[in-house]
Amino acid sequence: MSGRSYQVRTFGCQMNVHDSERLAGLLESAGYVPAPEGSDADVVVFNTCAVRENADNRLYGNLGHLYPAKKSNPAMQIAVGGCLAQKDRSVILDRAPWVDVVFGTHNIHRLPVLLERARHNSAAQVEIAEALEVFPSSLPARRASHHSAWVSISVGCDNTCTFCIVPSLRGGERDRRPGDVLAEVEALVAEGALEITLLGQNVNSYGRSLGDPGAFAKLLRACGRVDGLERVRFTSPHPRDFTDDVIEAMAQTPNVCPQLHMPLQSGSDAVLRRMRRSYRRERFLGIVERVRAAMPDAAISTDIIVGFPGETEADFADTLDVVRTARFAGAFTFKYSPRPGTPAAEMDGAVDPAVVSERYGRLASLQDEMSWAENRAQVGRRVEIVVAEGEGRKDSATGRLSGRARDGRLVHLLVTGPHAQDGLVRPGDVVETVVTRGAPHHLTADGPLLAHRRTRAGDAWAAGRAIAGDTGPAGTGAGDTGAGDTGRPGGPAVSLGMPQLRPSAPAAR
């Protein structure tokens, strides 16, 4: 088995991306190596999502594409994990009998054992645990970035949203102890990470199972005391549990970024009741108002569902009104799709698909208008950017680099003058520049760099390139491995198959 190559293909939310880092780490600990870009892997792992209606089609379409390779090379192994595996279980083998391993959301640590057992027994292995066996954060990880890292603070969800299948697939909420979370944060910073994102299906209910409802605000403040940690983000909060102590902690902790992604789902109180979202539009807008009062430059984004059962034109008008009032920097919008096993799938009042599409178009146009206005307001503003690899799809053609500002906005920057030397500005380094243009989904900064700070994350990126035998400069396309494929510090690049996020993509919460 030593030296067998692997590839992990990830679909779905940030929790899945983080789980894929753990899957990659487990496989490498078991002796597997990342498959070189463009080559066939000995083991292909699909980490699936079950939130959207086309999740099944995406998985089985990908499995169908792999069938010829599997047929010509029986030693190749295919594994399917994640939420769709937890839901469909043996159905996956019925539809794709060439799959070797099916594992669920609660037992990702079992993947290496299941692969070896399938090889030894020459038989498919299906193992779905009904409850979490090992907290994923205790597993080894292959990080997808040198400068940033995901840190899970909880798993599962106690909410009962009628459209969401996640609680039945990931179980009830289980919180990690604050000391364990901070120990992981400190270890990541010691490896060179500048930025961490705290993850949970509902981060601001963190601490409830520990008997401390104020634990999340305390955790944010504690992250502010970690030396070397420059940026702290979190996703996703639920408006029901969003309290003023969290807003105060955000505003008063310098390394907590002025960014908030808070799912709205609908601006109609009637629809929110049917969704069982347990807040109303005025509460949501009140949180937005208080966040902006405490952090005037905060970039606020959201998730919105169009065409939920029973949604009337008046309900949809309420959603448009909230979008205008909230002035979201961005929104992930998508059409409602029924998921078997959820209460909403059994509801009357299905909205005609043509009506849904028309409403979706209107919402997308309005949000583009709002995003563009918010981004145009950034022109002339000095921004601090952590340079990233793979954020800009056209960087090679435009000669630009890309990265994220503190508020999470994507910035494409042109490096000129003394900083333009190949390899001088590296992914993981921190630069400051001035925004020269605002587009609906990104900012451009084509002026001179005002500051450039080389970081340990940039050193790790350069070391990884040297180990991989690639000395091409960042942003030129030389040796590029794709979106988010920068590997772990000191190691070669690895693709986690992370899809590019667009305004219509994420899982609803």
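**View 1. Arginine 327 is partly exposed, with a relative accessible area of 35%, and forms a salt bridge with glutamate 374.** Partly exposed lies between buried, under 20% relative accessible area, and exposed, over 50%, as found with a 1.4 Å probe and protein chains only. This is a predicted model, in which local features need pLDDT of at least 70 and side-chain atom pairs count only at pLDDT 80 or more, while totals for chains, interfaces and linings use all residues. Residues are numbered from 1 along each chain as its sequence is written, and side-chain values use heavy atoms, with hydrogens and water left out. In a salt bridge, a side-chain nitrogen of Lys or Arg is within 4 Å of a carboxyl oxygen of Asp or Glu, and here the closest N and O atoms are 3.5 Å apart. Glutamate 374 belongs to helix H13 (residues 353-376) and arginine 327 to the loop between H12 and strand E14 (330-335), so the pair ties together parts that are 47 residues apart in sequence. Helices (H or I, at least four residues) and strands (E, at least two) are DSSP runs numbered from the N terminus. Glutamate 374 is buried, with a relative accessible area of 19%.

View 2. By the same rule the count comes to 33 salt bridges. In one of them, the side chains of arginine 409 and aspartate 407 meet at 2.6 Å, N to O, and both of these residues are buried. Salt bridges also link Glu195, Arg231, Arg233, Glu384 and Arg406 in a network.

**View 3. Helix H11 (residues 281-294) has 14 residues, and its end C-alpha atoms are 20 Å apart.** The expected span of a helix is 1.5 Å times one less than its number of residues, and for H11 this gives 20 Å, which agrees with the model. Among the buried residues of H11 are Phe284, Leu285, Ile287 and Val288; what covers the buried residues of this helix includes helix H9 (244-252), helix H10 (269-275) and strand E13 (299-306). Arginine 281, at 13% relative accessibility, counts as buried, whereas glutamate 282, at 55%, counts as exposed; the side chains of these two residues meet in a salt bridge (3.8 Å, N to O).

**View 4. Isoleucine 153 is buried, with a relative accessible area of 0%.** This residue is found in the loop between strand E7 (148-152) and strand E8 (154-155). Not counting residues up to four places away in sequence, isoleucine 153 is in contact (heavy atoms within 4.5 Å) with residues including Arg174, Val181, Leu198, Tyr206 and Phe216. Isoleucine 153 and arginine 177 are 24 residues apart in sequence, yet 8.0 Å apart in space, C-alpha to C-alpha.

**View 5. The largest nonpolar core has 71 residues.** A nonpolar core is a set of buried Ala, Val, Leu, Ile, Met, Phe, Trp, Tyr and Cys residues joined through side-chain atoms within 4.5 Å. Phe163, Ile196, Leu198, Phe216 and Leu220 have the most contacts inside the largest core, and helix H8 (residues 215-223) supplies its largest share, seven residues. A second, separate core has 25 residues, including Phe46, Cys83, Ala96 and Val102. In soluble globular proteins, nonpolar side chains tend to be buried together.

**View 6. Six strands form an open sheet with parallel pairing, in the order E2-E1-E3-E4-E5-E6.** Strand E2 (33-34) and E6 stand at the edges, each with a single partner strand, so one side of each is left without a neighbour in the sheet. Two strands pair if DSSP finds at least two bridges between them; strand E3 (residues 43-48) and strand E4 (residues 77-82) pair over six bridges, with isoleucine 78 of E4 as the bridge partner of valine 44.

View 7. A cis peptide bond with omega of about -5° joins threonine 235 and serine 236, and serine 236 lies in the loop between strand E11 (231-235) and H9.
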